[in-house]
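Visitor: Hi, could you walk me through this one? I'd like to start with a single side chain and then move on to charged pairs.

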Amino acid sequence: MKYKSFIFLLLVFYIENVTANESDDHSEFYLGFSLLDMNYKEFDDTGFLLNREDGILPGIVGQLTFPGQNLDSVIYASYHASVIDYDGHTQSLIPVQTKTDTDIIDIQYRLNEKSSQQNQLYGGLGYRYWRRDI
């Protein structure tokens, strides 16, 4: 498969840069690579499969953590893109098979409670965007 060498490189060249020391008084940053397995299916009201998109989306992820007194602020972002397989129908139910140029963006902001307990509270906001060009 064409992704075997890419997967190997992702595993070998995973980048992690942590600037925090033993105490949690410093910010922390990491950057890495990721793979998403896209398996999207769309059905009509009767359960008929209208279209599906399948493929692997390589991408990059990053996170920045700012520690606070009782809460940590976390900013997370990821970007994945590739060309994947499309199998579907036109409005008049004519079968169509082609490729789809796909981008997925995910941006999040979270507040994490600092606690020595096993369970911790967190809350946040996020934005996700899926662009596809058939």
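Visitor: Is Ser-34 buried or exposed?
Guide: Ser-34 counts as buried, because its relative accessibility is 18%. Buried means under 20% relative accessible area, exposed means over 50%, and partly exposed is in between, using a 1.4 Å probe and protein chains only. Keep in mind that this is a predicted model: local features need pLDDT of at least 70, side-chain atom pairs count only at pLDDT 80 or more, and totals for chains, interfaces and linings use all residues. Residues are numbered from 1 along each chain as its sequence is written, and side-chain values use heavy atoms, with hydrogens and water left out.

Visitor: Where does Ser-34 lie?
Guide: In strand β1, residues 28–43. Strands are DSSP runs of E with at least two residues, numbered from the N terminus.

Visitor: And what does the Ser-34 side chain make a polar contact with?
Guide: With the side chain of His-80, at 3.1 Å. A polar contact here is a pair of N or O atoms within 3.5 Å; within protein, one must be able to donate a hydrogen and the other to accept it, and residues adjacent in sequence count only if both atoms are side-chain atoms.

Visitor: Switching to charges: how many salt bridges are there in the whole structure?
Guide: The search finds 6. The criterion is a side-chain nitrogen of Lys or Arg within 4 Å of a carboxyl oxygen of Asp or Glu.

Visitor: Nice. Which residue does Arg-132 form a salt bridge with?
Guide: Glu-53, with the closest N and O atoms 2.2 Å apart. Arg-132 lies in strand β5 (residues 122–133) and Glu-53 in strand β2 (residues 49–67), so the pair ties together parts that are 79 residues apart in sequence.

Visitor: Is Glu-53 buried or exposed?
Guide: Buried, with a relative accessible area of 0%. Arg-132 is partly exposed, at 31%.

Visitor: What about Asp-103, which meets Arg-131 in a salt bridge: how many Å, N to O?
Guide: That one is 2.2 Å. Asp-103 is in strand β4 and Arg-131 in strand β5, so this pair ties together parts 28 residues apart in sequence.

Visitor: Which residues are joined into one network there?
Guide: Asp-101, Asp-103 and Arg-131, through salt bridges that share partners. The Asp-101 to Arg-131 bridge has its closest N and O atoms 3.2 Å apart.

Visitor: Why does Asp-103 count as buried?
Guide: Because its relative accessible area is 10%. Asp-101 counts as partly exposed at 31%, and Arg-131 is also partly exposed, at 26%.

Notes: Helix = DSSP H or I, 4+ residues; strand = E, 2+ residues; numbered from the N terminus.
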